[in-house]
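Me: I would like to learn how to read charged residues and helices in a protein model. Could you take me through one, step by step?

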Amino acid sequence: MITLEHIYRTERETLKFRLLALVIVGIGLYFKRDGLDIWPIIFLLLAYMVYAMSLGPFLIPWFKRIQAIYGMILLDAIVVNLGLYLAGGVRSYIFVLLPLLVIYYSMFFGYTSSLISATVFSSGYVITAVLKGDYISQTPYIAFQVIFLYMAALLSGYLSRRRLQEMKEKEAFQEALHLENQARNLLDIARRLSSSRDVELILDQIVKDTTRLFKVGGCLISLYDTDKITLVTKAGSLNPDEMKVSSLEELTLPGAENSGNLTLGAIDLAG
């Protein structure tokens with residue numbers, strides 16, 4: 001199952017490559033700026049770089065649902081096609097960012113995200129051509145680029161689907177291995193407990209094993225004394241200083257003094 005953690009990890013692993021692509025495109029435009037007002041384009045690229053670097057540490061942690069990826073696709077389509085418009089039209093070097101972004105988005109949901117991104121980017125590309133007046137004169141070129149985007153989407157979607165399947169198989173294997181280790185630990189505990197006749201030793205062993213297996217800060221085993229209406233602690237790994245009670249030996253159940261029935265209450269632990 002795809003999670004926000006998967007999205008964050010994918011974004012972090014690909015950040016350097018995406019920034020490198022932006023730098024290369026910016027350098028190419030700067031040295032091939034014949035007749036272009038280059039500074040608005042450079043500013044747009046720099047703003048997009050800031051956005052890309054902010055995704056991992058700031059924006060993705062605020063995502064509530066994985067479907068936020070589709071909002072990212074739309075934003076990228078707007079920015080890149082705006083860059084195409086400013087850079088002179090559909091034959092600009094900025095176009096190289098579109099197939100790279102298609103490949104990038106395929107890593108999230110495989111075919112689904114790659115085909116959706118190819119469709120959104122192609123639509124923006126055609127709209128840019130119409131606004132620049134290039135649609136009629138550049139129709140064959142535009143058609144070829146759109147087909148190229150979908151080919152990139154299909155290939156990257158196939159490879160990403162295999163990658164996602166391998167990730168799921170690896171996670172399933174690790175979960176099975178974890179459960180097997182837990183089962184072995186529980187079996188070992190049961191064997192050691194069954195070989196002991198000393199109740200206090202058994203309770204102490206349960207406390208130690210529970211703390212170790214479940215990685216908790218401490219464990220407390222208490223028995224209910226019906227005469228004193230208290231919990232009498234028999235074993236524990238908690239320090240009395242860590243609890244808001246004066247002793248580990250006797251814990252009076254809240255409300256039990258005025259009731260004939262056992263009343264359960266939460267023990268307030270500091271920290």
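Reply: Gladly! Let's begin with a term: a salt bridge is a side-chain nitrogen of Lys or Arg within 4 Å of a carboxyl oxygen of Asp or Glu. Keep in mind that this is a predicted model.

Me: How many salt bridges does that rule give here?

Reply: The count comes to two. In one of them, Arg18 pairs with Glu11, with the closest N and O atoms 3.0 Å apart. In another, Arg184 pairs with Glu180, and there the closest N and O atoms are 2.7 Å apart.

Me: Where do Arg184 and Glu180 sit?

Reply: Both belong to helix H6 (residues 139-194), four residues apart, so about one helical turn separates them. Arg184 counts as exposed, with 52% relative accessibility, whereas Glu180 is partly exposed at 35%.

Me: Which side chain of opposite charge is nearest to Asp76, and how far away is it?

Reply: That is Arg18, 6.4 Å away.

Me: What does the side chain of Asp76 make a polar contact with?

Reply: Its partner is the side chain of Tyr48, at 2.8 Å. Leaving aside residues up to four places away in sequence, Asp76 touches Tyr48, Tyr51, Leu101, Tyr105 and Phe121.

Me: Which helix holds Asp76, and how do I read that helix's length?

Reply: Asp76 lies in helix H3 (residues 68-86). To read a length, compare the span with what is expected at 1.5 Å a residue: H3 has 19 residues and reaches 27 Å from its first C-alpha to its last, close to the expected 27 Å. After H3 comes Gly88, with a positive phi near 115°.

Me: What do the buried residues of H3 pack against?

Reply: They pack against helices H1 (4-31), H2 (38-59), H4 (97-109) and H5 (111-132). Among these buried residues are Ile69, Met72, Asp76 and Leu84.

Me: How do I read a pair of strands?

Reply: Look at their direction and their bridges. Strands S1 (residues 220-225) and S2 (residues 230-236) run antiparallel, joined by six bridges. Tyr224, for example, has Leu231 in S2 as its bridge partner. Four residues lie between the strands of this hairpin, where Ile229 takes a positive phi near 55°.

Note on methods:
Residues numbered from 1 in each chain as written. Predicted model: local features only at pLDDT ≥ 70, side-chain atom pairs only at ≥ 80, totals over all residues. Heavy atoms only, no water. Helix = DSSP H or I, 4+ residues; strand = E, 2+ residues; numbered from the N terminus. Buried < 20%, exposed > 50% of the residue type's maximum accessible area, 1.4 Å probe, protein only. Lys, Arg positive; Asp, Glu negative; His and termini not counted. Polar contact = N/O pair within 3.5 Å; in protein donor to acceptor, adjacent residues only side chain to side chain. Contact = heavy atoms within 4.5 Å. Pairing = 2+ DSSP bridges. Expected span 1.5 Å × (residues − 1).
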